[in-house]
Amino acid sequence: LSEDQGGATIFRDLLDKGGGQLKVSPKMGNALLFFPALANGSPDDRTLHKGELSKSQKVIAQCWVHESDYTPAVPSGNNHADSRESIETTEIKLGLRDM
């Protein structure tokens, strides 16, 4: 995707060289690799991120590797189903979806 096509991964707590939120735009053949936990296994909140809407198709592959038993800890109300209406409304506003 070109930068004007959207689809970037934006990190809330990591800053770019200019002091803004770190934004990594997708580029064919590249991969974004980061570790969402510290060496002791506790979550690294700095890696909290979101996906920017894309005007084209963006393919994502995730691989989670755990050294020990893992119990997900997702904040209440933080799931895809809860955000679906907001995403669809934004897509319509941006002309990415018909009403």
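**View 1. The hairpin of strand 1 and strand 2 has 5 residues between its strands.** In this hairpin, G19 takes a positive phi near 95°. The model shown is predicted: local features need pLDDT of at least 70, side-chain atom pairs count only at pLDDT 80 or more, and totals for chains, interfaces and linings use all residues. Residues are numbered from 1 along each chain as its sequence is written, and side-chain values use heavy atoms, with hydrogens and water left out. Strands (E, at least two residues) and helices (H or I, at least four residues) are DSSP runs, numbered from the N terminus. Strand 1 covers residues 9–15 and strand 2 covers residues 21–24; the two run antiparallel and are joined by 4 bridges. Two strands count as paired if DSSP finds at least two bridges between them.

**View 2. Three strands form an open sheet in the order 2-1-3.** The pairing in this sheet is antiparallel. Strand 2 and strand 3 are the edge strands, each pairing on one side only. From one strand to the next, the twist averages 25°; axes here are lines fitted to C-alpha atoms (for helices, over the stretch in contact), and angles between N-to-C directions run from 0 to 180 degrees. In general, strands of a sheet pair through backbone hydrogen bonds, either parallel or antiparallel.

**View 3. I10 has a bridge partner in strand 2 and another in strand 3.** The partner in strand 2 is K23, and the partner in strand 3 is K50.

**View 4. T9 lies in strand 1 and has V24 of strand 2 as a bridge partner.** T9 counts as buried because its relative accessible area is 13%; buried means under 20%, exposed over 50%, and partly exposed in between (1.4 Å probe, protein chains only). Leaving aside residues up to four places away in sequence, T9 touches L22, K23, V24, L32, H49, K50 and K58. Contact means heavy atoms within 4.5 Å.

**View 5. G95 lies in the segment after helix 1.** Helix 1 covers residues 80–93. G95 counts as exposed because its relative accessible area is 61%. G95 and K55 are 40 residues apart in sequence, while the distance between them in space is 9.1 Å, C-alpha to C-alpha.
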